[in-house]
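Trainee: I have a sequence and its model open side by side, and I would like to learn how to read the features one after another. Could you take me through them?

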Amino acid sequence: MTDTAWNTTRPWRGIMVATALPLRGDRSVDHDAYAEHVRWLIDNGCDGVVPNGSLGEYQTLTDEERARVVHTAVEAAGDAARVMPGVAAYGSAEARRWAEQAAAAGCGSVLLLPPNAYRADEGAVRAHYAEVAKAGVPVVAYNNPIDTKVDLTPALLAELHQDGAIVAVKEFTGDVRRAYEIAELAPELDLLIGADDVLLELAVAGAVGWIAGYPNALPASCAELFHAAVAGDLATALPLYRSLHPLLRWDSKTEFVQAIKLSMDIVGRPGGPVRPPRSPLSGEDARRVREATEKAVAHGHR
């Protein structure tokens, strides 16, 4: 059986939580609350954290805020290898600088989107990843063509891995068929679950990690689900998956940041507001998230 446990040799494996970023009422970053949240996640079964991802609203942060979030995560995690900062940027040079900062802080890996200022071709994608890899920290590719309009196909991922530019991929397309093609074309490339609502399918297909959203609210139950799924214990995993799926599917919706923060608020975690242009969930969406969260808590999920 493939080793899916977090370890310092492959610190991108296991459950790496794409952390939501607590904001105060004035929309400033609450670093104390964020530090406590990072510690709480690790204490409740998660292996590490991914600051400055989309869920962490990195696009709305100043350079100073973004740098401080990484340092806060490193200090709170207690082991810098448990931190995988998002280093996405419009330019390759800027993305490399964020990767160099992560390397200097001792982070175990970084998460990198392809170029997304325009619809980059294969040559531009390979050059982008090669440039950031020069920072010397392992790079996890993030494939999200829904938002970036650049698709890291299995064939392109195999080329990036052969180039020595990436060690793993966060697969967010929701197309579980890709897992098998990736395994055929790049058997040494680690597949990481990128969307919460295909967790079971990708775990069965050989995923060795999960860059996760909903553990921000329910880490212990999500950890139980992940470990059962990657172990092939469907008797445990499938009932958990069905029970949690009304929440997990929000991770693949446009309003995923607001939904996860609302669930965090409901269970007593530091969710808080979002930064514009996002706005809080309201109406039917808010009702559905609230109802699903309260039902999960009533069923003992935590």
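Trainee: Which residues have the most contacts inside the largest nonpolar core?

Mentor: A nonpolar core is a set of buried Ala, Val, Leu, Ile, Met, Phe, Trp, Tyr and Cys residues joined through side-chain atoms within 4.5 Å, where buried means under 20% relative accessible area, exposed over 50% and partly exposed in between, with a 1.4 Å probe and protein chains only. Here the largest such core has 113 residues, and Y129, I166 and Y214 have the most contacts inside it. Please keep in mind that this is a predicted model, in which local features need pLDDT of at least 70 and side-chain atom pairs count only at pLDDT 80 or more, while totals for chains, interfaces and linings use all residues. Residues are numbered from 1 along each chain as its sequence is written, and side-chain values use heavy atoms, with hydrogens and water left out.

Trainee: What is Y129 in contact with?

Mentor: Contact means heavy atoms within 4.5 Å. Leaving aside neighbours within four places in sequence, the partners of Y129 include L112, L113, P114, V139 and I166.

Trainee: What is the strand order of the open sheet?

Mentor: Strands of a sheet pair through backbone hydrogen bonds, either parallel or antiparallel. Strands are DSSP runs of E with at least two residues, helices are runs of H or I with at least four, and both are numbered from the N terminus; two strands pair if DSSP finds at least two bridges between them. In this model, seven strands form an open sheet in the order β2-β1-β7-β6-β5-β4-β3, with parallel pairing. Because β2 (48-50) and β3 (110-112) stand at the edges with a single partner strand each, one side of each is left without a neighbour in the sheet. Further in, β4 (residues 139-143) and β5 (residues 168-171) run parallel and are joined by four bridges, with Y142 opposite K170 in β5.
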